[in-house]
Amino acid sequence: MRDAVSIIVPLCNHLADLHAAGRRFVVHPSALTYGKAGTELDLDLASELPTHIRDRAAVAPECRRGEKGDACSSVFSIGAMLYELCTGEIVGPGMKRPREAMPSLPPQFEVLLGKALVADPKHRPHDLAALAQALHHLAPAGSMPPPPADESHLDHEPGFDVDVSFSMLPPEPAAHSLR
């Protein structure tokens, strides 16, 4: 978890800066490079849809349909890459809940992934800075603190809750009664 946070939190900040400058791109693992500031996006590699199955699994559904990615799309891609970093598996049919694949993950991590992996962008958060802040809180020793952000923006604006029923994460297992 700590290693994943050390990679993803600075990447979220980098992507947020690129989006704030009006850049649109398709985030996937093969478009990432390691530079002076840590993990960064290679904009040339992020200008096209990837062909490798592991890269395509990290691409937001709207980008697979041909749209250039915005911050909301990047939130999905970050969630997919976090899922793979922490479980060793890719997002898609047959995927397990994160804590099923890796029981030591904190429950809050599963909540964050559930929000990030919402397939419909209208129901997915769009604030990469808030995502970075929330992830940093899960493993503070993993990275330098990101710039301050309002974590409530993980649910868009006040009064809007991300509908995790649209999440690609499988539903939680039903509780078994002890009769």
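**View 1. Helix H4 (residues 71-87) along its length.** At 1.5 Å a residue, the 17 residues of H4 should span 24 Å, and the 24 Å between its end C-alpha atoms agrees with this. The expected span is 1.5 Å times one less than the number of residues; helices are DSSP runs (H or I, at least four residues), numbered from the N terminus. Of the 17 residues of H4, 15 are buried, so the helix is largely enclosed by the rest of the structure; buried means under 20% relative accessible area (1.4 Å probe, protein chains only).

The model is predicted: local features need pLDDT of at least 70, side-chain atom pairs count only at pLDDT 80 or more, and totals for chains, interfaces and linings use all residues. Residues are numbered from 1 along each chain as its sequence is written, and side-chain values use heavy atoms, without hydrogens and water.

**View 2. The end of H4.** Gly 88 follows H4 and has a positive phi, near 80 degrees.

**View 3. H4 against helix H7 (residues 128-138).** The two helices pack at about 25 degrees with axes 10 Å apart; axes are lines fitted to C-alpha atoms over the stretch in contact, and angles run from 0 to 180 degrees between N-to-C directions. H4 is therefore roughly parallel to H7 (angles under 35 degrees). Ala 71, Ser 74, Val 75, Ile 78 and Leu 82 of H4 meet Leu 128, Leu 131 and Leu 135 of H7, where contact means heavy atoms within 4.5 Å.

**View 4. His 136 in H7.** His 136 lies in helix H7 and is buried, at 8% relative accessible area. Leaving out residues up to four places away in sequence, His 136 touches Val 5, Val 9, Ser 143, Met 144, Pro 145 and Pro 146.

Conventions
Buried means under 20% relative accessible area, exposed over 50%, partly exposed in between (1.4 Å probe, protein chains only). Angles under 35 degrees count as roughly parallel, over 145 as roughly antiparallel, 65 to 115 as roughly perpendicular and the rest as oblique.
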